[in-house]
Amino acid sequence: PILKVALLGLGGYANIVAKAMQNCKRAKITALISGTPSKLDQWGEKYSVPKSHRFSYEELEKIKNNPDIDAVYIMTPNLRHPEFAIKVANLGKHVISEKPMATNVKDAQRMIDACKKAGVKLLVGYRMHFEPNTLEIIKKREAGEFGKILFFQGLSGFIIGDPKQWRLNKQLAGGGSMMDIGIYSINGARYMLGEEPIWVTAQETKTDPEKFKEGVDETILFQMGFPSGAVASCLSTYALNNLDKFYLNGTKGFAEMMPSTGYGPIKAKTNKGELSYPHVTHQTIQMDEFAAILHDGKTPKIPVDGEEGLKDMKIIEAIFEAVKSGKKVALK
Ligand code: NAD
């Protein structure tokens, strides 16, 4: 069956997802939820969503028992993901939340608990988990092609514009670059290495305290240690462009991905040469795979559930703690 999706929060990323969903085989936009009436009209016309299936945030309850909605995809500023997720779960619909799933560990856990209690599934928009070049590198690592892996490098950053946007608002974003883009290096380290970190260390630098206020990180350099002995060295920043690179190094070989998480073609190579998987629109396969997970109970190769999102949130909190204390922080 087709996954019937309501989009909630019609901003920049929702626009990308909505376009990508036009090429989905198994997922379709069936409802729209927004705080802006004019957007509901425009998007409704554009994506053929009838007036009866356009809702304001206050009208959210109307989705209950609506057979045309299986899941609600939340794409608001980070702060509001938990609140909407819990409401949606209580209305009996599956929840898809954008990353980061919340602005702190406590809220992330509340989302997981609410979905469990309501008997609905919770998925996080980790689009890279379905990208073919990424999955092929992981397959090669698992087959031992790179030998014993000892090092991962993740570079994630871009120069952020408008100082007034929600991404630079501590309350709405939960932080700065780390919540938004650094999370790709954290998540990437975990799926590229195939293990969970046991400690973090981190250092912060700030060149523009006016733009990046207290609690909004501009640049954080961080390190993670893993049970196998592998270490990761990563950079998260809002102060530099062209930072989108993963590098995995083992005793027998290496893999390099640059770009590694951008929307465009992922360029991957190993010590044996370039990978040649054709570009796929990440959001298109993500939504088709989400349909398979929600409708067929398919288990994805790399998890995209609430527990997966929670792991990143715990690491982010540990990184913030390490920045503050200057000490190594152990992860349970
Ligand atoms: P955006 O600012 O372009 O859009 C946010 C939307 O939420 C807008 O429609 C805005 O009107 C609405 N909004 C603003 N403040 C609100 C509030 N207080 N309550 C409810 N709605 C509000 O932002 P975006 O780039 O679309 O990001 C949205 C989410 O998607 C974020 O969580 C972000 O991290 C995530 N995102 C993910 C990816 C990805 O590749 N997976 C890419 C971009 C953004």
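Modeller: Happy to, and what follows goes through those topics one by one. This is a predicted model, where local features need pLDDT of at least 70, side-chain atom pairs count only at pLDDT 80 or more, and totals for chains, interfaces and linings use all residues. Residues are numbered from 1 along each chain as its sequence is written, and side-chain values use heavy atoms, with hydrogens and water left out.

Biologist: Backbone first, then. Which residues does a cis peptide bond join, going into Pro100?

Modeller: The cis bond joins Lys99 and Pro100, with omega at about -15°. Pro100 sits in the loop between strand S5 (94-97) and helix H4 (105-118). Helices (H or I, at least four residues) and strands (E, at least two) are DSSP runs, numbered from the N terminus.

Biologist: And what is the peptide bond from Met258 to Pro259 like, cis or trans?

Modeller: That bond is cis, with omega near -5°. Pro259 is in the loop between strand S12 (254-257) and strand S13 (268-270). For background, most peptide bonds are trans, and most residues other than glycine have a negative phi.

Biologist: Speaking of phi, what is the value for Ser48?

Modeller: Ser48 is not a glycine, yet its phi is positive, about 50°. You'll find Ser48 in the loop between helix H2 (37-46) and strand S3 (54-56). Asn65 also has a positive phi, near 65°, and Asn65 belongs to the loop between S3 and strand S4 (71-74).

Biologist: Is Ser48 buried or exposed?

Modeller: Ser48 is exposed, with a relative accessible area of 63%. Buried means under 20% relative accessible area, exposed over 50%, and partly exposed in between (1.4 Å probe, protein chains only). Asn65 counts as exposed too, at 66% relative accessibility.

Biologist: Let's switch to helices. At what angle do H4 and H9 pack?

Modeller: The angle between H4 and helix H9 (residues 306-325) is about 170°, and their axes are 9 Å apart. The axes are lines fitted to C-alpha atoms, for helices over the stretch in contact, and angles run from 0 to 180 degrees between N-to-C directions. That makes H4 and H9 roughly antiparallel, a term for angles over 145 degrees.

Biologist: Which residues of H4 make the contact?

Modeller: On H4 they are Val105, Ala108, Gln109 and Ile112, while H9 brings Gly306, Glu307, Leu310, Met313, Lys314 and Glu317. Contact here means heavy atoms within 4.5 Å.

Biologist: Now the ligand. Which residues come nearest?

Modeller: Of the 22 residues around the ligand, the nearest are Gly12, Tyr13, Asn78, Lys99 and Arg127. A residue is counted as near if one of its heavy atoms lies within 4 Å.

Biologist: Where does Glu98 come in?

Modeller: A polar side-chain atom of Glu98 is 2.9 Å from a nitrogen atom of the ligand. Trp166 has a polar side-chain atom 2.8 Å from a ligand oxygen atom. From Leu10, a backbone N or O atom lies 3.2 Å from an oxygen atom of the ligand.

Definitions and conventions:
Parallel < 35°, antiparallel > 145°, perpendicular 65-115°, else oblique. Polar contact = N/O pair within 3.5 Å; in protein donor to acceptor, adjacent residues only side chain to side chain.
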